[in-house]
Amino acid sequence: MTSRRAFRILAPMLAATLAACGGSAPALPVQQKVGPVAGEAAIDKPFVGFQQSSLTISRLETPVAPPVTPGSMPSPTTIGSDSPEVVGIQADGSLVAHRNGRATIRALQGGGTLAVEVLASTGLHAEPPSLRTGPGTHALPVLRSGDATVPAGSVSWFSSAPDVAMVEDGRIRAGPSRGTATLTAVYGDERVRVPIVVGDQGPRAR
């Protein structure tokens, strides 16, 4: 107890002596922060980027993963739909089309947008419904779903007789064989068959 009392008495005298001699008093220990301080923690704001500017959905009530960049975290809190009655956003960030129409999906951080068009099959049909043509390359029939024209890039084509007629690079390649083939267009859950006769007679498809 005596030594502690003596130190308390001598410490101020020692500090005063050092200051008078141009020295400095020993620095007091600095208390370190433990954990985040209220109001200083950074707020996590996940960023979402889109890999393309547009998307066509051909099925209703079926989850579709949005085309986002690696590392993006799509969810109802990071992306929003301006027409949720057309395209809604599920808890896992997937898109669900409820009816035909258009909607814009916007990233809430970063400002990127994705234009979504819903063209679900509602009575898929081809115009014209059949073709008669000669060998060569010809335009594909126009496919319609209800009153809407189906984008050519959203359709898969198959041929029952590729040596007679098949779809190649977005056009019909007829020949070299003559005869009849059936071209089948598949869009979403529906398909339509287009008979095609390849010969030297009859009107040619344009």
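**Salt bridges.** I searched the whole structure and found four salt bridges, taking the term to mean a side-chain nitrogen of Lys or Arg within 4 Å of a carboxyl oxygen of Asp or Glu. The model is a predicted one, with local features needing pLDDT of at least 70 and side-chain atom pairs counting only at pLDDT 80 or more, while totals for chains, interfaces and linings use all residues. Residues are numbered from 1 along each chain as its sequence is written, and side-chain values use heavy atoms, with hydrogens and water left out.

I looked at glutamate 85 and arginine 99, whose side chains meet in a salt bridge at 3.9 Å, N to O. The pair links distant parts of the chain, 14 residues apart: glutamate 85 is in the loop between strand E2 (79-81) and strand E3 (87-89), and arginine 99 is in the loop between strand E4 (95-97) and strand E5 (101-107). Strands (E, at least two residues) and helices (H or I, at least four) are DSSP runs, numbered from the N terminus. For exposure I used relative accessible area: buried is under 20%, exposed is over 50%, and partly exposed is in between, with a 1.4 Å probe and protein chains only. Glutamate 85 is partly exposed at 42%, and arginine 99 is partly exposed at 41%.

I then took glutamate 117 and arginine 102, which form a salt bridge at 3.3 Å, N to O. Glutamate 117 lies in strand E6 (residues 113-118) and arginine 102 in E5, so the pair ties together parts that are 15 residues apart in sequence. Arginine 102 is exposed, with a relative accessible area of 62%, whereas glutamate 117 is partly exposed at 24%.

Glutamate 127 and arginine 144 form another salt bridge, with the closest N and O atoms 2.9 Å apart. Glutamate 127 is in strand E7 and arginine 144 in strand E10 (residues 142-145), so this pair joins parts 17 residues apart in sequence. I noted relative accessibilities of 36% for glutamate 127, partly exposed, and 25% for arginine 144, also partly exposed.

**The E7-E10-E11 sheet.** I followed E7 and E10 into their sheet, an open one of three strands in the order E7-E10-E11, with antiparallel pairing. E7 and strand E11 (148-149) stand at the edges with a single partner strand each, so one side of each is left without a neighbour in the sheet. I counted two strands as paired if DSSP finds at least two bridges between them; E10 and E11 have two, in the antiparallel sense. Serine 145 stands opposite alanine 148 in E11.

**Strand E16.** I checked the partners of E16 (residues 190-198). Strand E8 (residues 131-133) pairs with E16 in the parallel sense over three bridges, and threonine 133 stands opposite valine 198. Strand E15 (residues 179-187) runs antiparallel to E16 and is joined to it by nine bridges; here threonine 184 stands opposite arginine 193. The hairpin of E15 and E16 has two residues between the strands, and glycine 188 takes a positive phi near 65 degrees there.

**Cores.** I defined a nonpolar core as a set of buried Ala, Val, Leu, Ile, Met, Phe, Trp, Tyr and Cys residues joined through side-chain atoms within 4.5 Å. The largest has 21 residues, and those with the most contacts inside it are Leu143, Val155, Trp157, Ala165 and Ile196. E7, strand E14 (171-174), E15 and E16 each supply at least two residues of this core. A second, separate core of 16 residues includes Phe50, Leu55, Ile105 and Val118.

I listed contacts (heavy atoms within 4.5 Å) for isoleucine 196. Leaving aside neighbours within four places in sequence, its partners include Leu131, Ala165, Ile172 and Leu183.

**Serine 75.** Serine 75 sits in the loop between strand E1 (54-57) and E2 and counts as buried at 14% relative accessibility. Not counting residues up to four places away in sequence, serine 75 touches Ile89, Ala91 and Gly93.

**Whole chain.** Among contacts between residues at least 6 apart in sequence, 53% join residues at least 24 apart.
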